[in-house]
Amino acid sequence: MTRRLAVAVRAVERDSLVVQCSAELSRLIKQGEWPVGARIPNEQELARLLGVGRSTSREAVRTLIASGQLSSRQGSGTFVVSATPVSELDRQIRQSDIGDVTEVRLLLEVEASRLAAHRRTRSDLDEIKRALAARQSASNTSDLIEADLRFHAGIVAATHNSVIVTLYESFAGTLRSTSAEIFANHDQWSPATVRRDEKAHADLYSAIERGDPRAAALVARRVMVCTVPGAPTR
């Protein structure tokens, strides 16, 4: 007598289809089809692009939200927050108290700036300077966020410490979300606030360029106080 496994087979096929769709969406994100910060097509459009039903595209999106590549914003849509699936550490960080995250970020930013002043190469300085210029000339909030993240990542890279770089990268998703909140009302910032923010970043580059570790650490703390809500002032 032949055993009927129709229900089991359908479940496996559906799961496999969701996995395949998730993998395809992840590939497209990694290749830059939808860059970090971009809003992906809605559920109906994704279903059409992937050639599947809406329920399958919905589950595929939920899978990438769970992996940390996508983030759903009520009333706005679903956005790319990471080019690749995030680590378990990054997911834990995203769920942590913002005050705890800020304190750890402050430790990393200050020490990274101090080490960068010691170890930066000409190539490192060129990259940081390009990011600073892009930050100063950004014409919209999205460009400002990307340039700001690139500026700070360039300083971390200039430490030439692979562990610090890895730790900092684990904050990628949280940093992007925090930056979006910080600069959400950038257009309403007072001229004095904008000038203070730009000067702090320019001063940080200058301290690193001239190889002054103490000044770099002090200015890095000032940058954090200027731009990160809740950053300790001492």
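This is a predicted model: local features need pLDDT of at least 70, side-chain atom pairs count only at pLDDT 80 or more; totals for chains, interfaces and linings use all residues.
Where is Ser-26 found? Ser-26 is found in helix 1, residues 6-30.

Residues are numbered from 1 along each chain as its sequence is written, and side-chain values use heavy atoms, with hydrogens and water left out.

First, the overall layout. The protein has 11 helices and two strands. By helix I mean a DSSP run of H or I of at least four residues, and by strand a run of E of at least two, numbered from the N terminus. From the N terminus on, the order is α-α-α-β-β-α-α-α-α-α-α-α-α. There are 234 residues, and 39% of them count as buried. Buried means under 20% relative accessible area, exposed means over 50%, and partly exposed is in between, with a 1.4 Å probe and protein chains only. As for contacts, meaning heavy atoms within 4.5 Å, take those between residues at least 6 apart in sequence: 66% join residues at least 24 apart.

Back to Ser-26. Ser-26 counts as buried because its relative accessibility is 17%. Leaving aside residues up to four places away in sequence, Ser-26 touches Leu-64, Gln-69 and Pro-85.

Now helix 2 and helix 3. In general, two packed helices are described by the angle between their axes and the distance between the axes. Here the axes are lines fitted to C-alpha atoms, for helices over the stretch in contact, and the angles run from 0 to 180 degrees between N-to-C directions. The axes of helix 2 and helix 3 come within 8 Å and cross at roughly 105°. Helix 2 and helix 3 are therefore roughly perpendicular to each other. The cut-offs are 65 to 115 degrees for roughly perpendicular, under 35 for roughly parallel, over 145 for roughly antiparallel, and oblique for the rest. Helix 2 contributes Glu-43, Gln-44, Leu-46 and Ala-47 to the contact, and helix 3 contributes Arg-54, Ser-57, Arg-58 and Val-61. Those residues divide into three nonpolar, two polar and three charged. Nonpolar here is Ala, Val, Leu, Ile, Met, Phe, Trp, Tyr, Cys and Pro; charged is Asp, Glu, Lys and Arg; the others, Gly among them, are polar.

In the loop between helix 2 (43-50) and helix 3 (54-67) sits Gly-51. Is Gly-51 buried or exposed? Gly-51 is exposed, at a relative accessible area of 63%.

Next pair: helix 7 and helix 8. Their axes are 9 Å apart and the packing angle is about 155°. Helix 7 and helix 8 are therefore roughly antiparallel to each other. On the helix 7 side the contact has His-152, Ala-153, Val-156 and Ala-157, which meet Ile-164, Val-165 and Tyr-168 in helix 8. By class that contact has six nonpolar residues, one polar and no charged.

Two residues in the loop between these helices deserve a word. His-160 is found there, and His-160 has a positive phi of about 55° although it is not a glycine. Most residues other than glycine have a negative phi. Asn-161 lies in that loop too, and Asn-161 is partly exposed, with a relative accessible area of 25%. The C-alpha atoms of Asn-161 and Ala-116 are separated by 9.7 Å, and the two are 45 residues apart along the chain.

Last, the pockets. On a 1 Å grid over the protein atoms alone, a pocket is an open set of points where a 1.4 Å probe fits, with protein on both sides within 12 Å along at least five of seven lines; lining residues have an atom within 4 Å of a point. Volume is the space filled by probe spheres set on the points, which are joined across faces, edges and corners.

How much space lies in the largest pocket? About 470 Å³. It is lined by 21 residues, and the closest to its centre are Ala-153, Tyr-168, Glu-169, Ala-172 and Arg-176. Helix 7 supplies the largest share of this lining, six residues. The lining has 12 nonpolar, four polar and five charged residues.

The second largest pocket holds about 300 Å³. Of its 14 lining residues, the closest to the centre are Gly-37, Arg-73, Ile-145, Arg-176 and Ala-180. Helix 7 again gives the most, with four residues.
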